[in-house]
Amino acid sequence: MSSTDSMSDWLKPASVVALLALLLLAPSIQDRLAEESTRYIEDNESSHHGLPAEWDEQQVLCIYFPSDSPHSEFNLGVTMIGPDGEEIGTNEDLNRTGACVGGFEGYSNGLDFMMNSTRMANGHLSVGYEVGQWGAFVHTIGGLNPETLTGDFNGAYWHLDHNGASSMVGIGDLVMSEGDVIEWSIGTW
Amino acid sequence: MYDFHNGYLSPLQTLALNVAVLSIIVLSLIRSERSLRDQSQWGVLILLAIFGVSGRILMEPIPNVQPVTVLVILTGAYFGAPRALALAAIVALASNVIFMGHGPWTIFQAIGWGAIGICGALLSDKLVVNEKLRLNRLALMAAASGIAFNWFVSLSILLDTGFSMLVPYLLNGLVFDLYHAFGNILFVAWMATPLGEIMSRHRSSQSLEAVRDGVAN
């Protein structure tokens, strides 16, 4: 009996201290892990498919709009916009509509990249987000807030893909490498 | 007019508020348990389920720190695998539908917690020796179960993405695995002994057989 009680005597304060220490250290551990884990994500060349060849090895952000709520400016194919805001052309073979802004280098923070690249589209792709407890949450892109969409689904949201696969972290925590392609499209549940 | 419900609470304030609410729930559950006759296992299981669901929802400000994992281990150890499985599935489903979000992961969580409950039943005579809980063994098992549970539930991403995403996903979740392990140790330290006393009061000879049957099968 006494051994059980003495065990619980030191376990009680120790467990509180350990959890508090973890809570304090968690953000820095999480940053290191996020950096480490990007190494495992292939810089998927196929995610550059359909984009201008001059953007190979460069960073690109694409926004795709749903067919029943197209963007007023980008409703025919996917418009390609260069890093200086100049329209390069439109790819109508991608079977979706929207815009890509590309030709960037050197970004490592996903949210910085998103805010700076969308600024090149003359305000047509302005981003609305709020910072909650667990990071930045994007609610509106180019005037479209998915909460206003209705259809055969429970709810809709702006879905984030990183190099062709669902991103595991939000845009605020996304660590970018050269040649990365970030894509936003409407997801539903 | 003033909207009193609209006041903004910081995460820490939310947590303090929730811990206070949870304490009220726990105190009233302990009072309710006293009115139960001895060996009324299903009564206790219902109280445990309420504690698990409300604990999981109210501890939400700290991810993965919740009492459910320790509850199913103890239920397995005291009442046997079948009752632990029932508790695991009920708590996973109810808390997800009410608050945490229901989806394909619910079945992974129910199976994960169920498996932990079965382990609790299998290790029953190692965890409860002479009617006394061995807290060090329980803490070790609870910490390991937390990490194993998280990795098992992470497999649900394979329904959406390829296998290559699993390693970065697990790596990204390592802090959350540690939260679960440390949280479990905290719950073992603070509530395993009183819960164990309550459960052993309601442990009938029948459920002892059920534990042994579970082990034999």
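Glu33(B) counts as buried, at 4% relative accessibility (buried is under 20% relative accessible area, exposed over 50% and partly exposed in between, with a 1.4 Å probe and protein chains only). Its side chain meets that of Arg201(B) in a salt bridge, 3.0 Å from N to O. This is a predicted model, in which local features need pLDDT of at least 70 and side-chain atom pairs count only at pLDDT 80 or more, while totals for chains, interfaces and linings use all residues; side-chain values use heavy atoms, with hydrogens and water left out. Residues are numbered from 1 along each chain as its sequence is written, and chains are lettered from A and ligands numbered from 1 in the order in which they are written.

**Salt bridges**

- Over all chains, the search of the whole structure finds 2 salt bridges (a side-chain nitrogen of Lys or Arg within 4 Å of a carboxyl oxygen of Asp or Glu).
- Side chains of opposite charge can pair when their charged atoms come close.
- The side chains of Glu33(B) and Arg201(B) form a salt bridge that links distant parts of the chain, with Glu33(B) in helix H1 of chain B and Arg201(B) in helix H9 of chain B, 168 residues apart.
- Arg201(B) is partly exposed, at 37% relative accessibility.
- Glu131(B) and Arg203(B) also meet in a salt bridge through their side chains, at 3.8 Å from N to O.
- Glu131(B) lies in the loop between strand S1 (128–129) and strand S2 (132–133) of chain B, and Arg203(B) in the loop between H9 and helix H10 (205–216) of chain B, so this pair ties together parts that are 72 residues apart in sequence.
- Glu131(B) is exposed, with a relative accessible area of 51%, whereas Arg203(B) is buried, at 13%.

**Chain B overall**

- Chain B has 10 helices and 2 strands (DSSP runs numbered from the N terminus: helices are H or I with at least four residues, strands E with at least two).
- Along the sequence, the pattern of chain B reads α-α-α-α-α-α-β-β-α-α-α-α.
- Chain B has 217 residues, of which 49% count as buried.

**Second largest pocket**

- The volume of the second largest pocket is about 670 Å³ (on a 1 Å grid over the protein atoms alone, a pocket is an open set of points where a 1.4 Å probe fits, with protein on both sides within 12 Å along at least five of seven lines; lining residues have an atom within 4 Å of a point).
- Grid points are joined across faces, edges and corners, and the volume is the space filled by probe spheres set on the points.
- The lining of this pocket comprises 25 residues, and Leu22(B), Val26(B), Phe51(B), Phe187(B) and Met191(B) lie nearest its centre.
- Two or more lining residues come from each of helix H1 (2–38) of chain A and, in chain B, helix H1 (11–34), helix H2 (41–58) and helix H9 (174–201).
- By class, the lining has 23 nonpolar, 1 polar and 1 charged residues (Ala, Val, Leu, Ile, Met, Phe, Trp, Tyr, Cys and Pro are nonpolar, Asp, Glu, Lys and Arg charged, and the others, Gly among them, polar).

**Loop residues with positive phi**

- Gln39(B), not a glycine, has a positive phi of about 65° and sits in the loop between H1 and H2 of chain B.
- Asn64(B), also a residue other than glycine, has a positive phi near 70°.
- Asn64(B) is in the loop between H2 and helix H3 (68–79) of chain B and is partly exposed, with a relative accessible area of 26%.
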